[in-house]
Amino acid sequence: MTGIIGAGRMSGKIIKTMEQVKGIVPAAIASRSKERAEDFARKYKLPKAYGSYMDLLNDPDIDMVYIATPPSEHAAQMKMCLGMGKAVFCEKPFTMNLNEAKEVLCLAEERGLFAGEAIWTRYMPLYKEIQALKNLKELGKITAVYANLGYPVWEKERIHTKELGGGALMDVGVYPLTFIDAVAGMDYTECKVIAHKVQGADQVSGIMLYYGRQGIIATILNSVTGPSDRQGIVYGTEGYAIVNNINNFENIKIYNKKHKCIKETVAPLQFSGYEYELEAAAAAILAGQTECVQMPHKKILEIMGVMDLIYHKII
């Protein structure tokens, strides 16, 4: 049975999706407020509500915990869960920095418990199709990759508060970075960052990664001040590919040198998009594994390390 830490909007979406996934039974919610937890449990028809995280972790029926709280809380809460013998699946970004991620994953391996990052795009069916673009003959040799993501969410406290893990990089930046990783990997040789900051958090940030060995330039735009077109584009010597909505893939269109669309791949119908990550986590736990093949611990640490480097260039 699964417990959820954090009684926010995201948790509600996850619970509705859990009800559609084989192998996962949402059973309890924990919040710092007993009243808030009880209201949430009534709304989503959960049998149990706890006014503290430790009360949830003391429940012997709970074997996995889904964490949907601000990034600043992730590391401490995951270590608390693992320390109590619970598998843990945590919202992105996994932690605030690389050292925290190492501590969490080291504890998970020591305890032989599952620990995963719930970055949903990694688990979506179209992600494999995006990875395949780097070897697609219709594109030729890849020369550049571009990705952007922006939403008008700056007014939210967790977004404009640096201490809560706020800013464009921490909130949306992992999605463009994940798109770039699918095509070019993270073996870049140079990283340039520019950002507009308010109260120490980046409202808008631009990142350029240069892959000297492959001859690829990757550019990223992150924003929490307004909407963007959310496109990911892969440029090659023979053509280019456009992916619509890198935060929830809709389709991939391949164009030739004459800008004619020669192929389109459309994402399958989905319940919410979160079912893929939940199915992967359930399968890994039932198989006695400590990680998901779609987002293994090595990749969590690699991406967290890049996020760490970029973050320190911003601040």
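Trainee: How many aromatic pairs does the structure hold?
Mentor: Happy to start there, and keep in mind that this is a predicted model. A pair of aromatic rings is described by the distance of the centres and the angle of the planes. To pair, ring centres must lie within 6.5 Å. The number of aromatic pairs in this structure is nine.

Trainee: Is the pair of Tyr188 and Tyr211 stacked or edge-to-face?
Mentor: The two centres are 6.3 Å apart, and the planes make an angle of 80°. Planes over 60 degrees apart count as edge-to-face. For Tyr188 and Tyr211, then, the term is edge-to-face.

Trainee: How many residues apart in sequence are the parts that this pair ties together?
Mentor: Tyr188 lies in the loop between α8 and β8 (190–198), whereas Tyr211 belongs to strand β9 (residues 201–211). Tyr188 is buried at 17% relative accessible area, and Tyr211 is buried too, at 0%. Because of where the two tyrosines sit, the pair links parts whose separation in sequence is 23 residues.

Trainee: Which residues form one aromatic cluster?
Mentor: Good one to look for in the viewer. The cluster has two tyrosines and two phenylalanines, and its members are Tyr66, Phe89, Phe114 and Tyr123.

Trainee: Which residues have the most contacts inside the largest nonpolar core?
Mentor: That core has 105 residues. Its largest share, 11 residues, comes from α8. A second, separate core of six residues includes Val153, Trp154, Ile159 and Ala168. Back in the largest core, the residues with the most contacts are Ile180 and Leu209.

Trainee: Which tyrosines are in contact with Ile180, if we leave aside its neighbours within four places in sequence?
Mentor: The contacts of Ile180 include Val145, Ala147, Met186 and Leu209. Ala218, Thr219 and Ile220 are also among them.

Trainee: Which residues lie nearest the centre of the largest pocket?
Mentor: This pocket has a volume of about 980 Å³, and 38 residues line it. The elements giving two or more residues to the lining are α1 (9–18), α4 (71–83), α7 (157–160) and α8 (168–184). By class, the lining has 18 nonpolar, nine polar and 11 charged residues. Nearest the centre are Arg9, Met10, Glu91, Arg158 and Asp171.

Trainee: Where is the peptide bond from Lys92 to Pro93, and is it cis or trans?
Mentor: Pro93 is in the loop between β5 (87–91) and α5 (98–111). Omega for the bond from Lys92 to Pro93 is near -20°, and the bond is cis.

Trainee: Asn245 has a positive phi although it is not a glycine; is Asn245 buried or exposed?
Mentor: Its phi is about 70°, and Asn245 is in the loop between β12 (239–244) and β13 (251–256). Since the relative accessible area of Asn245 is 6%, the residue is buried.

Trainee: His259 also has a positive phi; is His259 buried or exposed?
Mentor: The phi of His259 is near 65°, and His259 is in the loop between β13 and β14 (261–266). Residues count as exposed over 50% relative accessible area. At 55%, His259 is exposed.

Terms used. Residues numbered from 1 in each chain as written. Predicted model: local features only at pLDDT ≥ 70, side-chain atom pairs only at ≥ 80, totals over all residues. Heavy atoms only, no water. 1 Å grid on protein atoms, 1.4 Å probe; cavity = no way out; pocket = protein on both sides within 12 Å on 5 of 7 lines; lining within 4 Å. Points joined across faces, edges and corners; volume = space filled by probe spheres on them. Helix = DSSP H or I, 4+ residues; strand = E, 2+ residues; numbered from the N terminus. Nonpolar A, V, L, I, M, F, W, Y, C, P; charged D, E, K, R; others polar. Core = buried A, V, L, I, M, F, W, Y, C linked by side-chain atoms within 4.5 Å. Buried < 20%, exposed > 50% of the residue type's maximum accessible area, 1.4 Å probe, protein only. Contact = heavy atoms within 4.5 Å. Phe/Tyr/Trp six-rings, centres within 6.5 Å; stacked < 30°, edge-to-face > 60°.
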